[in-house]
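Please view the sequence and the model together before reading on.

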Amino acid sequence: MTQAVLIVIAILAILLGLHLFVIVWLYWQQRQSKSTLQQVSAYLVVYASQSGHAEVWAKHTAEQLRLLDDQVIVKDIQDLSHDDLIQQHRILWVVSTYGEGDAPDSARSFVNKFFTERLDLSHLSFSVLALGDRRYANFCQFGRTLEQWLVQQQAQVLFDTVLVDQMNSRDLEQWLSGLEQLTSIQFSDLAHSHPMLQLKFAHRQCLNKGSVGEPIYKIQLIGDEDLRWSSGDILEIQCENDLHEIHDFLGSQQQPVNAELIAQLSALNLRKLPIKAEQSFEQWIEKFERLARREYSIASLPENGLIELVVRQQHTVTGLGLGSGWLTQGLQQDQLLQARIRHNPSFHLPHDERPLILIGNGTGIAGLLAHLRQREHWGYQQNWLIFGERQQQFDHLYHAEIHYWQQHGFLDQVDYAFSRDQAEKVYVQDCIKAQSARLQTWIHQGAAIYVCGSLKGMASGVDQALKEVLGLDLVEQLKQEQRYQRDVY
């Protein structure tokens with residue numbers, strides 16, 4: 001074979017190799033492109049939730065958007081990555097504000113990681129649904145702060161941030177309206193997708209007669225036999241006017257009292273009346289707002305055959321509080337009420353034998369009871385209860401059941417803080433400090449901490465005490481591992 005022929009063969013081999021290389025490279029690029037396209041959704045819906053509202057509305061938003069495009073992803077803010085922010089083009093944020101303007105616990109890592117960074121998000125468009133409560137000074141502060149941060153990173157606003165006061169239906173309608181204008185499709189309200197249940201009022205009992213505090217009631221409701229929920233879940237009730245209020249209102253308006261009008265007015269706000277112009281009575285009441293809904297931790301399990309709540313009467317300038325008055329005084333025997341069970345996965349228990357530390361005060365006993373009942377049902381015995389109220393003589397809530405658990409090995413340790421039983425007040429955070437060695441041992445054994453009760457005073461005090469006893473880094477680690485969960489209000 002001549003040298004010329006060998007040269008030609010070598011050149012052909014090189015060309016063939018280059019050709020194969022180009023084919024492989026193009027194939028790889030195509031795979032990478034497809035992979036990137038699969039990662040980028042039409043919409044990414046991110047939620048930051050403390051008690052479940054934001055998660056529910058994020059998932060409802062995603063369900064509606066999937067009617068337009070099935071490439072819609074929902075993510076918890078704690079699972080959001082740097083790549084998500086860089087790759088996604090449209091993100092809808094549904095976030096709650098916790099306490100006095102704080103981010104929810106699940107959003108703390110996001111805040112610490114991203115809010116100090118400078119990113120180029122000029123490719124990103126967004127809108128924010130901010131859930132909050134106007135009774136707090138920094139209304140919807142986390143939603144506002146998130147919006148400001150996104151704008152500072154050059155992200156573009158799809159439509160104005162929607163601020164929602166205590167899940168007000170008219171505020172939420174603005175979010176649906178914004179989505180409709182954005183997508184040109186009809187969005188349904190969450191109420192139509194998740195209809196209310198009918199529950200029957202069965203029993204109430206005052207648990208702290210003689211207490212210097214407001215009366216606390218055990219309320220029992222009966223629903224369908226197949227009604228299911230988990231410990232940690234919440235009952236959302238539609239508040240109603242009692243018959244006396246409706247009769248007084250009809251009398252003041254010189255209207256006849258009949259069953260149809262009573263039913264029509266039962267859930268309308270008679271405390272805040274719109275201006276009555278030149279219109280009929282029927283036209284006027286059509287403009288009335290609906291009464292708000294109120295939420296209560298469920299203290300029972302489905303196996304108990306009923307829904308049990310623990311409700312403290314609240315007093316306002318106009319009388320008893322809307323929800324507490326309705327449940328502790330207004331409801332009549334066997335009367336029906338409208339309600340919805342709202343799942344609260346961030347406060348659910350893992351089904352394992354890890355030690356459990358339950359901390360709370362007041363009506364927070366409801367959430368703690370549900371967990372203890374669940375642990376007994378599962379047969380897990382290493383449980384520790386730290387609970388606070390005013391006076392042992394009057395406020396020793398559910399003492400018989402707690403004593404039973406102690407006697408039968410389902411409560412390894414119980415510590416009480418009855419603040420008014422000694423000259424110097426003692427609170428649950430003081431119990432934590434006094435039991436610091438035991439607490440450290442339980443945590444190193446893998447224990448999880450669940451806190452239920454009042455946000456002001458108790459929850460903040462417990463958080464500070466845990467940081468003093470365990471250290472800031474370990475407390476943050478517990479939050480990341482979902483071993484420090486809170487349902488506080």
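Gln485 is buried, with a relative accessible area of 12%, where buried means under 20% relative accessible area, exposed means over 50% and partly exposed lies in between, with a 1.4 Å probe and protein chains only. The residue Gln485 is found in strand S19, which covers residues 484-488; helices (H or I, at least four residues) and strands (E, at least two) are DSSP runs, numbered from the N terminus. Leaving aside neighbours within four places in sequence, Gln485 is in contact with Ser346, Phe347, Ile449, Tyr450 and Val451, contact being defined as heavy atoms within 4.5 Å.

## Basis of the model

The model is predicted, and local features need pLDDT of at least 70, while side-chain atom pairs count only at pLDDT 80 or more, and totals for chains, interfaces and linings use all residues. Residues are numbered from 1 along each chain as its sequence is written, and side-chain values use heavy atoms, with hydrogens and water left out.

Strand S15 (residues 356-361) is largely enclosed by the rest of the structure, because 6 of its 6 residues are buried. Leu356, Leu358 and Gly360 point one way from S15, whereas Ile357, Ile359 and Asn361 point the other way, and all of them are buried.

On pairing, which requires that DSSP finds at least two bridges between two strands, S15 runs parallel to strand S16 (residues 383-389) over 6 bridges, with Gly360 standing opposite Phe387 in S16. S15 also pairs in the parallel sense with strand S18 (residues 448-453), over 5 bridges, and here Ile357 stands opposite Ile449, one of the residues in contact with Gln485. Together with helix H12 (residues 365-378), S15 and S16 make a right-handed β-α-β unit; a crossover is right-handed if, with the strands pointing away from the viewer, the path from the first strand over the helix to the second runs clockwise.

In strand S9 (residues 234-238), 5 of the 5 residues are buried, so the strand is largely enclosed by the rest of the structure. Ile234, Glu236 and Gln238 point one way from S9 and Leu235 and Ile237 the other way, and all are buried.

S9 pairs in the antiparallel sense with strand S10 (residues 293-297) over 5 bridges, and the bridge partner of Glu236 in S10 is Glu295. A further 4 bridges join S9 to strand S14 (residues 336-342), again in an antiparallel arrangement, and in S14 it is Ala339 that stands opposite Ile237.

## A buried loop cysteine

Cys140 lies in the loop between strand S4 (125-132) and helix H5 (141-152), and at 1% relative accessibility it counts as buried. Not counting residues up to four places away in sequence, Cys140 touches Thr97, Ala130, Leu131, Gly132, Leu163 and Val164. Of these contacts, Ala130 is 10 residues away in sequence and 5.8 Å away in space, C-alpha to C-alpha.

## The chain as a whole

The chain has 18 helices and 19 strands, and its C-alpha atoms fill a box of roughly 115 × 70 × 45 Å, taken along the principal axes. Buried residues make up 48% of the 489 residues, and among contacts with a separation of 6 or more, 76% are between residues 24 or more positions apart.
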